[in-house]
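Subject: Structure for you to look at

Hello,

Here is the structure I promised to pass on. Please open it next to this email; my notes follow below.

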Amino acid sequence: MSSTPAVIVEGINDIKIYNSIAKSINRCVEVYAVEAIKGYSAGCGHVINAVKALYASAESVLVEDFVIGIIDRDTREFRGELPVEKAFLVLNYYSVESHFVDPEIVRKSISTYTLAGDDAVSEEMIDALFSKIEQKLYDLYYFSLESLRFALDGNYNSDYRYSFANNRRKQDPAMSNVRAKIHELDSFAASLNIRCSLSDLKKISTGKWLLGAFSEEIYILLTNFKIYCGKFGAKKCQYCKREILDTCTYKIKEGISNKTIYSLAFEHTGLTSLDYVRDRFSSVSAVQ
Ligand SMILES: [Zn+2]
């Protein structure tokens with residue numbers, strides 16, 4: 001490693017995201033996927049081992065002055081296993097994906113994936129659409145609690161686990177079994193001070209589930225986006241104004257899917273939800 005501060009991340013998908021965050025504040029860091037460091041593989045456990053090994057060999061040098069090991073929060077906080085060394089940056093939410101469940105992604109999706117102009121998008125519209133989508137995301141709440149319960153107690157007879165694919169919650173028996181446990185899951189949540197809020201959902205749901213559900217909801221919204229033409233203070237598009245049926249600029253572009261929305265969300269690293277990462281990069285690195 002060079003004298004440029006090193007950021008050690010869990011895997012290949014993280015490299016571009018954290019490089020982009022560093023660039024946004026004009027900071028020079030080298031981002032390394034831990035699996036690309038000799039002797040380590042992908043994943044949080046390896047980031048932890050790699051950073052701890054640096055502490056073990058650094059003697060009087062303060063590792064945190066030249067290294068940041070970024071790890072997912074996942075269930076670590078609830079297991080009481082947050083690492084204490086200062087070189088770690090534990091994400092605020094379950095994983096990096098969770099940070100992109102943000103109103104700004106709704107705004108960017110409308111301006112990028114529809115034919116409506118930027119003047120169609122108002123604050124009022126974004127707030128209204130985001131809160132509509134947010135309500136749908138709470139469908140993940142009890143499935144996340146059930147998974148967390150198993151993560152904390154391997155003997156627990158669970159009906160849902162973090163290893164499950166996102167949409168398994170929509171199928172039986174998982175769907176009915178988890179719903180039958182709502183009262184006991186409420187007590188479990190209360191015992192951990194977890195509330196049914198978006199910020200807590202970002203901590204207990206995997207980022208992949210949450211961003212997956214968010215992207216699906218944005219996609220559903222955009223496929224029926226015409227109903228919002230001329231609403232929230234915007235002018236009606238020229239087609240709707242002339243009552244030309246079946247044509248409206250509030251329309252999703254060809255070839256866009258929920259997967260496009262998911263993948264391209266990561267391009268928007270300017271989100272305020274990632275400002276604490278920017279602050280941390282500023283604290284260790286010099287201006288480029
Ligand atoms: Zn229209």
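Start with helix α1, residues 12-24. This helix lies across β1 (6-9), β2 and β3. Against β2, α1 runs at about 165 degrees. One caution before you go further: this is a predicted model.

The sheet

Which order do the strands take in the sheet? The order is β2-β1-β3-β4. The sheet is open, has four strands and pairs them in parallel. β2 (30-33) and β4 (88-90) stand at the edges. Each has a single partner strand, so one side of each is left without a neighbour in the sheet. From one strand to the next, the twist averages 25 degrees.

Now look at the pairing of β3 with β4. Strand β3 covers residues 67-71. Three bridges join β3 to β4, and the two run parallel. Within this part of the sheet, glycine 69 stands opposite phenylalanine 88 in β4.

How many residues does each domain bring to the contact? Domain 1 gives eight residues and domain 2 gives 11 residues. On the side of domain 1 that touches domain 2, four residues are nonpolar, two are polar and two are charged.

Helix α9

Helix α9 is worth a check by length. The helix has 17 residues, 207-223. At 1.5 Å a residue, α9 should span 24 Å. The end C-alpha atoms of α9 are 24 Å apart, which agrees.

Is α9 enclosed or open to the outside? Of its 17 residues, 13 are buried, so α9 is largely enclosed by the rest of the structure.

The whole chain

Some overall figures to finish. The protein chain has 12 helices and four strands. Its C-alpha atoms fill a box of roughly 75 × 55 × 30 Å, taken along the principal axes. Of the 288 residues in the protein chain, 38% are buried. Contacts with a separation of 6 or more were also counted: residues 24 or more positions apart account for 67% of these.

Best wishes

Conventions
Residues numbered from 1 in each chain as written. Predicted model: local features only at pLDDT ≥ 70, side-chain atom pairs only at ≥ 80, totals over all residues. Buried ≥ 20, exposed ≤ 12 C-beta atoms within 10 Å, placed from the backbone. Contact = placed C-beta atoms within 7 Å. Nonpolar A, V, L, I, M, F, W, Y, C, P; charged D, E, K, R; others polar. Expected span 1.5 Å × (residues − 1). Pairing = 2+ DSSP bridges. Axes fitted to C-alpha atoms, helices over the stretch in contact; angles between N-to-C directions.
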